[in-house]
Amino acid sequence: MSKTILITGASRGIGRATALLAGARCWSVGVNYAGNRQAAESVVAEVEAAGGSAVAIQGDVAEEAEVIAMFDATEAAFGPLDGVVINAGIAAQSMPLAEMEASRIKRLFDVNVYGAFLCAREAARRLSTSRGGRGGAIVIVSSVSSRLGSPFEFIDYAASKGAMDTLAIGLARELGREGVRVNAVRPGLTATEIHATAGQPDRAARLGETTPMGRAAEPSEIAEPILWLLSDAASYTSGAVLDVSGGR
Ligand code: NAP
């Protein structure tokens with residue numbers, strides 16, 4: 001069955017791969033991005049070429065008005081939402097906690113936690129059957145760092161993902177009778193640009209070699225379980241936190 005979904009941070013990486021898979025199923029996709037319009041427009045073209053529909057929507061998840069506007073824009077283009085992927089996230093340079101500037105910690109929590117909560121709240125409002133929604137699924141992109149802690153790299157990032165695990169568990173329980181399933185996916189090392197934005201372009205390849213499977217994931221390998229959790233095939237899966245980490 002065709003679905004309408006919004007993916008935050010869909011211009012690149014895991015969000016982009018998820019949008020392309022949704023396109024291949026002929027779904028309609030709101031492709032949110034922060035600043036990279038060209039990349040988002042190219043994802044829209046790829047989704048359309050795959051058989052789906054898409055619209056690019058600029059918006060910072062850490063700004064409430066922009067979050068509401070990105071939900072509005074998706075529904076204006078394609079009608080009521082069936083699913084939301086809370087994926088947008090940032091990392092930062094590796095260092096021990098004692099070295100971190102307060103401004104870095106604040107921005108990381110603003111985007112990864114506050115932004116994700118704003119998106120989850122908006123998804124709960126739009127999807128819940130008691131509020132006029134038609135039910136659906138929310139998938140939250142966490143990270144295995146939530147259980148590894150990322151010492152000497154980015155404890156702040158790891159802790160922001162711990163909050164995602166808790167959000168998925170709690171919200172699944174709140175929305176169980178609202179026709180809404182909520183789950184988290186915890187990717188391991190994945191070959192995307194997030195590592196370069198955090199100053200280590202080779203991080204996924206270098207550390208991927210040390211993992212049980214000896215390599216990093218491709219973004220499509222994270223997108224597949226996200227699509228499954230959004231789909232009706234996962235109709236009794238809610239409150240799950242799924243490691244997609246190659247055994248790490
Ligand atoms: P990425 O390649 O760096 O892409 C990040 C995406 O998020 C881009 O589309 C970017 O938009 C968007 N974005 C960034 N800040 C935003 C904001 N404030 N508001 C809206 N959109 C924003 O990252 P990725 O590796 O695909 O990561 C996706 C998710 O997976 C993140 O939550 C990340 O923490 C998680 N994750 C990644 C890995 C990994 O190894 N890659 C592992 C575990 C978990 P622009 O293009 O406009 O900048």
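This is a predicted model: local features need pLDDT of at least 70, side-chain atom pairs count only at pLDDT 80 or more; totals for chains, interfaces and linings use all residues.
**View 1. Residues around the ligand.**
The shell around the ligand holds 33 residues, and those that come nearest are Ser11, Gly35, Asn87, Tyr157 and Thr192. By class, the shell residues divide into 13 nonpolar, 15 polar and five charged. At least two shell residues are supplied by each of α1 (13-24), β2 (28-33), α4 (102-127), α6 (155-175) and α7 (194-197).

Val61 places a backbone N or O atom 3.0 Å from a nitrogen atom of the ligand. At Ile194, a polar backbone atom is 3.5 Å from an oxygen atom of the ligand. His195 takes part through its side chain, with a polar atom 3.0 Å from an oxygen atom of the ligand. On its own the ligand has 910 Å² of accessible area, of which the protein covers 94%.

**View 2. The largest pocket.**
The ligand sits in this pocket, the largest one. The volume of the largest pocket is about 930 Å³. Its lining consists of 45 residues, and Asn87, Gly89, Ile90, Ala91 and Ile194 are the closest to the pocket centre. Asn87 is also among the residues that come nearest to the ligand, and Ile194 has a polar backbone atom 3.5 Å from a ligand oxygen atom.

**View 3. Elements and residue classes in the lining of the largest pocket.**
The helices α1, α4, α5 (145-148), α6, α7 and α8 (203-208), together with the strand β2, each supply at least two residues of this lining. The lining residues divide into 18 nonpolar, 19 polar and eight charged.

**View 4. The second largest pocket.**
About 180 Å³ of space lies in the second largest pocket. Its lining is made up of Gly188, Leu189, Thr211, Met213, Arg215, Ala216, Ala217, Glu221, Val244, Ser245, Gly246 and Arg248. Of these lining residues, five are nonpolar, four polar and three charged.

Methods
Residues are numbered from 1 along each chain as its sequence is written. Side-chain values use heavy atoms; hydrogens and water are left out. A residue is near a molecule or strand if one of its heavy atoms lies within 4 Å of it. A polar contact is a pair of N or O atoms within 3.5 Å; within protein, one must be able to donate a hydrogen and the other to accept it, and residues adjacent in sequence count only if both atoms are side-chain atoms. Accessible areas come from the Shrake-Rupley method with a 1.4 Å probe; for residues, only the protein chains shown count as cover. On a 1 Å grid over the protein atoms alone, a cavity is a set of points where a 1.4 Å probe fits but cannot get out, and a pocket is an open set with protein on both sides within 12 Å along at least five of seven lines; lining residues have an atom within 4 Å of a point. A molecule sits in a cavity or pocket if more than half of its atoms lie within 2 Å of its grid points. Helices (H or I, at least four residues) and strands (E, at least two) are DSSP runs, numbered from the N terminus. Ala, Val, Leu, Ile, Met, Phe, Trp, Tyr, Cys and Pro count as nonpolar, Asp, Glu, Lys and Arg as charged, and the others, Gly among them, as polar. Grid points are joined across faces, edges and corners, and a volume is the space filled by probe spheres set on the points.
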